[in-house]
Amino acid sequence: MRVKPHRAPRVLLASVAQGRTILRGCWAFFRTRKILALGVFAGALALGALTHLQDQALLAKIHFWNDAQENVARQIAWFLGTFGDYLTYNLPLSLLIWLYGVATKSSAWRRVAMICFLGATLAGLFDDFFRLTLGRPRPDTLDHTHLSDGFYGITYAFSGGFQSFPSGHAAAVFGTAVALLVTDLPLGLLTTAVALGVVWARMELYRHYPSDVVVGSIIGIYFGLLVGFGAKLRAPRPLITTR
């Protein structure tokens, strides 16, 4: 359905207002559950540390395919790992849902689009703070350097191949998936399946260790819950929808 020119600014402003309302809900949810946030991130660090000790062994177990299967697995992993990114997956998905909401004149679908966008964005930004300061080399980077696995700090973090921990892909895809699980279960189940495929693909391609995707996924899950329940907290009652 074609959107009339005079209606477009109103739709954009309404979507921005929806986003602001969701963010206020996120803040309200966080303020009343700060201990939960501390517990989640403490648990993420503990689980990440335990997984880190077994990274090499776990990564080796992922590659159990024979020659023919390995080629197929690598092709699937390349597709999921390349296109399951914030710019090539999360943003286009949010835009597609938003355009559908505009075309159907559904404020509910436009709100889902904002939830999808904010879940990935907040998780990704939080993840990037650590990814761009810790400087852990990716598994495939170690094959081309004299360095051993470790954390080399911000000096290396802006070099190519030193942004392994935590996984930005995992944070973004789970930020979207969990936020949608809370607010739109069918779409959330679909995006969760995609998220699981993406984190497997990043390890299959030797772009991340298991500890990278474990901690990145927990970051995404937390911010997905924050956005999902924050959106529910601030949702108008009753929610009028044309869906």
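The side chains of Gln163 and Arg131 are joined by a polar contact of 3.1 Å. (A polar contact here is a pair of N or O atoms within 3.5 Å; within protein, one must be able to donate a hydrogen and the other to accept it, and residues adjacent in sequence count only if both atoms are side-chain atoms.) This is a predicted model, where local features need pLDDT of at least 70 and side-chain atom pairs count only at pLDDT 80 or more, while totals for chains, interfaces and linings use all residues. Residues are numbered from 1 along each chain as its sequence is written, and side-chain values use heavy atoms, with hydrogens and water left out.

**Around Gln163**

- Gln163 sits in the loop between helix 8 (154-157) and helix 9 (168-183); helices (H or I, at least four residues) and strands (E, at least two) are DSSP runs, numbered from the N terminus.
- Gln163 counts as buried because its relative accessibility is 19%, and the cut-offs are under 20% relative accessible area for buried, over 50% for exposed, and in between for partly exposed (1.4 Å probe, protein chains only).
- Not counting residues up to four places away in sequence, Gln163 touches Arg131, Leu132, Arg136, Arg138, Ala157, Phe158 and His208; contact means heavy atoms within 4.5 Å.
- Pro166 is in the loop between helix 8 and helix 9 too, and a cis peptide bond with omega of about -15° joins Phe165 to Pro166.

**The chain as a whole**

- Count up the secondary structure and you get 11 helices and 0 strands.
- The radius of gyration of the chain is 19 Å, close to the 18 Å that the globule rule gives for 243 residues, so the chain is as compact as a globular protein of that length. (That radius is taken over C-alpha atoms, and the globule rule is 2.2 Å times the number of residues to the power 0.38.)
- Along its principal axes, the C-alpha trace spans about 60 × 45 × 30 Å.
- Of the 243 residues in the chain, 48% are buried.
- Looking at contacts with a separation of 6 or more, 79% are between residues 24 or more positions apart.
- The chain has an accessible surface of about 12700 Å², and 70% of that belongs to carbon and sulfur atoms; the areas come from the Shrake-Rupley method with a 1.4 Å probe, and for residues only the protein chains shown count as cover.
- On the charge side, there are 23 positive and 12 negative side chains, with the centres of the two sets 24 Å apart. Lys and Arg count as positive and Asp and Glu as negative, leaving out His and the chain ends, and each charge is placed at NZ of Lys, CZ of Arg, CG of Asp or CD of Glu.

- Ala179 belongs to helix 9, and at 0% relative accessibility it counts as buried.
- Leaving out residues up to four places away in sequence, Ala179 touches Ile115, Gly224, Val227 and Gly228.
- Trp65 is 114 residues from Ala179 along the chain, and their C-alpha atoms are separated by 33 Å.
- Val182 lies in helix 9 as well and counts as buried, at 18% relative accessibility.
- Beyond its neighbours within four places in sequence, Val182 is in contact with Leu225, Gly228, Phe229 and Lys232.
- Val182 and Phe229 are 47 residues apart in sequence, with 6.9 Å from C-alpha to C-alpha.

- Asp128 is in helix 6 (residues 107-134) and counts as partly exposed, at 25% relative accessibility.
- Between the C-alpha atoms of Asp128 and Ser167 there are 8.7 Å, for residues 39 apart along the chain.
- Pro186 is part of helix 10 (residues 185-204), and with a relative accessible area of 64% it is exposed.
- Pro186 and Leu132 are 54 residues apart along the chain, and their C-alpha atoms are separated by 34 Å.

**Positive phi in loops**

- Lys105, in the loop between helix 5 (86-103) and helix 6, has phi near 55°, a positive value in a residue other than glycine.
- Tyr206 also has a positive phi, near 60°; Tyr206 is in the loop between helix 10 and helix 11 (210-233).
- At 34% relative accessibility, Tyr206 counts as partly exposed.
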